[in-house]
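Welcome! Let's walk through this structure together, one stop at a time.

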Amino acid sequence: NTARYMLGNLDGFDPNTRMAPVDMSDLDRWAVAQLGKLAQTCRAAYNSYDFHIAYRAIYNFCVVEMSNFYLDIIKDRLYCGDEAGRASAQSALFLILDGMTRLIAPVLAFTSDEIWAAMPHGKEDNAESVLFNDMPDFDPAFALSQEEEARWNTIVKLRDVVNNALETARSEKKIGKSLEAKIVLTVPAFETAFDGLDAGTLADLFIVSQAELQKSDMNEVKVDVTPAVGEKCPRCWKHDEHIGTEGHHAELCDRCARVVAIEW
């Protein structure tokens with residue numbers, strides 16, 4: 001399913017024009033860095049003939065880092081975002097699919113060859129078969145500092161906390177889908193993982209329409225969930241309090257109005 005999702009979103013993508021690492025978003029660079037870690041694990045496992053370790057690492061990567069986190073977050077950017085945002089996400093998806101397909105080749109030979117035949121390739125690749133290409137290794141261009149690594153680890157953990165709060169609000173009939181929600185995330189004063197993130201980016205990370213960050217002297221995390229304010233944008237399904245007001249589009253949120261104007 002992970003490979004199928006990536007293949008669908010790479011339709012028409014030219015890997016030879018992919019975005020440079022320095023120009024990609026922080027989230028996309030984080031995702032490719034996780035692929036690099038996976039490559040190191042798998043290469044070591046294959047070298048010692050521990051195929052089960054490689055298989056389990058690939059499976060966990062697809063379920064945990066990709067499906068449960070990264071792919072879930074970037075759906076909105078891929079479907080509704082601007083050209084630069086889509087290019088960054090597609091560049092990351094290509095690198096991840098390309099690397100993952102090479103890594104599964106020793107244990108899923110036919111599946112990897114079918115994926116290879118269906119996906120786009122860079123000019124440096126041998127498109128005939130995945131087996132004619134080298135396995136990936138960690139790319140230092142995507143290396144994260146210790147501070148960046150710690151920051152993303154915290155974001156991943158707190159996203160689970162937010163998801164639990166959203167599920168509770170859903171079961172209590174406060175909201176339906178997560179995009180119908182507004183969250184207020186309260187974290188300890190010493191927590192810096194979300195410093196520098198604007199409200200829109202924060203909302204995207206948690207797949208809600210609106211998000212606020214507060215800091216407290218309490219040594220705990222608190223999530224308040226309420227219905228999102230404003231009208232629902234028919235294009236991205238986010239709620240926006242500016243829709244229909246003076247100086248804004250009558251039906252679309254500001255982001256979608258800008259993107260549609262560019263596309264038209």
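Helix α4, which covers residues 83-104, packs against helix α5, residues 109-118, with the two axes 8 Å apart and at an angle of about 155 degrees. Keep in mind as you look that this is a predicted model. Angles over 145 degrees count as roughly antiparallel, so α4 and α5 are roughly antiparallel to each other. Their crossing is left-handed. To find the place where they meet, look on the α4 side for Leu97, Asp98, Thr101, Arg102 and Ile104, and on the α5 side for Ala109, Ser112, Ile115 and Trp116. By kind, the residues of this contact divide into five nonpolar, two polar and two charged.

Now turn to another pair of helices. Helix α2, residues 26-47, packs with α3 at an angle of about 170 degrees, and their axes lie 9 Å apart. That angle makes α2 roughly antiparallel to α3. What kinds of residues make up the contact of α2 with α3? There are 19 nonpolar residues, along with two polar and three charged ones.

Is Asp76 buried or exposed? Its relative accessible area is 18%, and buried means under 20%, so Asp76 counts as buried. Its side chain makes a polar contact with the side chain of Arg255, at 3.0 Å. Leaving out residues up to four places away in sequence, Asp76 touches Gly81, Asp204, Cys236 and Lys238 as well as Arg255.

Our last stop is a strand. Gln210 sits in strand β2, which is made of residues 210-216. With a relative accessibility of 14%, Gln210 counts as buried too. Which backbone oxygen does the side chain of Gln210 reach? The answer is that of Val229, at 2.8 Å. Val229 is also among the residues in contact with Gln210 once neighbours within four places in sequence are set aside; the others are Ala181, Lys182, Ile183, Ala203, Ala228, His239 and Asp240.

How values were computed. Residues numbered from 1 in each chain as written. Predicted model: local features only at pLDDT ≥ 70, side-chain atom pairs only at ≥ 80, totals over all residues. Heavy atoms only, no water. Helix = DSSP H or I, 4+ residues; strand = E, 2+ residues; numbered from the N terminus. Buried < 20%, exposed > 50% of the residue type's maximum accessible area, 1.4 Å probe, protein only. Contact = heavy atoms within 4.5 Å. Polar contact = N/O pair within 3.5 Å; in protein donor to acceptor, adjacent residues only side chain to side chain. Axes fitted to C-alpha atoms, helices over the stretch in contact; angles between N-to-C directions. Parallel < 35°, antiparallel > 145°, perpendicular 65-115°, else oblique. Left-handed = near helix turned anticlockwise from the far one by under 90°. Nonpolar A, V, L, I, M, F, W, Y, C, P; charged D, E, K, R; others polar.
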